[in-house]
Amino acid sequence: MDIKQKIRHDFNRAAKDYSRHAQIQRNIAKDLVALSLPYLGGNILDVGCGTGFIAEQISNQNNRLIQLDSAEIMCQQAQKHAPVICADMHAMPFVPASFDGVISSMAFQWSDAINQLIAESKRMVKKGGYLMLALPVDGTLSVVGNALNNLTPDHIRIRNFNSDKFIDKLMINNDLKVISKKIDLIYEPFASLLELLKSFRQVGAQNKSDSDVIPLTRREIQWMESQYNLKNEKGDFLLDWHIAFYIAEAM
Ligand SMILES: C[S@@+](CC[C@H](N)C(=O)[O-])C[C@H]1O[C@@H](n2cnc3c(N)ncnc32)[C@H](O)[C@@H]1O
């Protein structure tokens, strides 16, 4: 299985219960829609739509929304809210410049060719239209990542996230003028470290590159718990998400 097939496979497996588990993703989609409201008129494309968190909020507004995702079971869920095309976001099956806006929440980080993906998204947007993005950037999941790195190299690894500076450059290179950008630090609480680690699988976010990673033993999890230093007053284990929100205009 290549990386794209593995990503599709994992999101298909997570699709049925995704909406129930993906609370952080739901909140981020809401925040992105709130920021994007002035730019959501006309034909809008939601890239990497998942089960349709964006469509849930904007499909009744004054626009025509099309959704796109590569995982068939995500597409089945999303079509309850608005039409869906099941396709790879790096090669979108639409006439160039057919959309007034492209919106995407928590999907671009799955690309192994993000420059191509930003270029492809820009190609879909009319001149003067908008690209509206929310994606995790570097610093995300750093605490659990460091804790895992202190174990043997055969265990799961947290992937690296692009920096916002790098995304800024890709925007410029693709003739996209950033008109608003912010980075929010969001903490997601879990009652135990085991719950926190399980959450990756529940939202389809597993390690995509190492096919034969060794599962953590109970002792290793206990050791990690004792080292984990990002907790709230209740003692919950926190995941740290650094989410960049962009609104960019196609030049
Ligand atoms: C974390 S989910 C986010 C879904 C939704 N936007 C949300 O906010 O809940 C990432 C989505 O991107 C999709 N995805 C990943 N790689 C893709 C690709 N190459 N082409 C199309 N969709 C892709 C996955 O299938 C998954 O539904």
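Analyst: In this predicted model, strand 2 and strand 3 run parallel and are joined by three bridges. Within that pairing, Gln67 stands opposite Val84 of strand 3. On the subject of pairing in general, the strands of a sheet are held together through backbone hydrogen bonds, in either the parallel or the antiparallel sense.

Strand 2, which covers residues 63–69, is also joined to strand 1 by six bridges, and these two strands run parallel. Here Leu45 is the residue opposite Ile66 in strand 2.

These pairings belong to an open sheet of seven strands, whose order is 3-2-1-4-5-7-6 and whose pairing is mixed. From one strand to the next, the twist averages 15 degrees.

Leu176 lies in strand 6, which comprises residues 176–190. Is Leu176 buried or exposed? Leu176 has 24 other C-beta atoms within 10 Å; a residue counts as buried if 20 or more lie within that distance, so Leu176 is buried. Leaving aside residues up to four places away in sequence, Leu176 touches Lys122, Leu131, Met171, Ala248, Glu249, Ala250 and Met251. One of these, Ala248, is 72 residues away from Leu176 along the chain, yet the C-alpha atoms of the two are separated by 5.7 Å.

Met1 is found in the segment before helix 1, and it counts as exposed because it has 10 C-beta neighbours inside 10 Å. With residues up to four places away in sequence left out, Met1 touches Lys6 and His9. Met1 and Ile103 are 102 residues apart in sequence, and their C-alpha atoms are 29 Å apart in space.

The sheet can now be placed in the whole chain. The protein chain has nine helices and seven strands. Its radius of gyration is 18 Å, close to the 18 Å that the globule rule gives for 251 residues, so the chain is as compact as a globular protein of that length. Along its principal axes, the C-alpha trace spans about 55 × 35 × 35 Å. Buried residues make up 38% of the 251 residues. Of the contacts between residues at least 6 apart in sequence, 74% join residues at least 24 apart.

Finally, the model includes a ligand. The ligand is surrounded by 21 residues, and the closest are Phe11, Gly48, Gly50, Ser70 and Met89. Helix 1 (3–21) and helix 2 (23–36) are the elements that give two or more residues to this shell. The largest share, three residues, comes from helix 1. By type, the shell divides into twelve nonpolar, six polar and three charged residues.

Technical notes:
Residues are numbered from 1 along each chain as its sequence is written. This is a predicted model: local features need pLDDT of at least 70, side-chain atom pairs count only at pLDDT 80 or more; totals for chains, interfaces and linings use all residues. A residue is near a molecule or strand if its C-beta atom, placed from the backbone, lies within 6 Å of it. Helices (H or I, at least four residues) and strands (E, at least two) are DSSP runs, numbered from the N terminus. Ala, Val, Leu, Ile, Met, Phe, Trp, Tyr, Cys and Pro count as nonpolar, Asp, Glu, Lys and Arg as charged, and the others, Gly among them, as polar. The radius of gyration is taken over C-alpha atoms; the globule rule is 2.2 Å times the number of residues to the power 0.38. A residue is buried if 20 or more other C-beta atoms lie within 10 Å of its own, exposed if 12 or fewer, and partly exposed in between; C-beta atoms are placed from the backbone. Two residues are in contact if their C-beta atoms, placed from the backbone, lie within 7 Å. Two strands pair if DSSP finds at least two bridges between them. Axes are lines fitted to C-alpha atoms, for helices over the stretch in contact, and angles run from 0 to 180 degrees between N-to-C directions.
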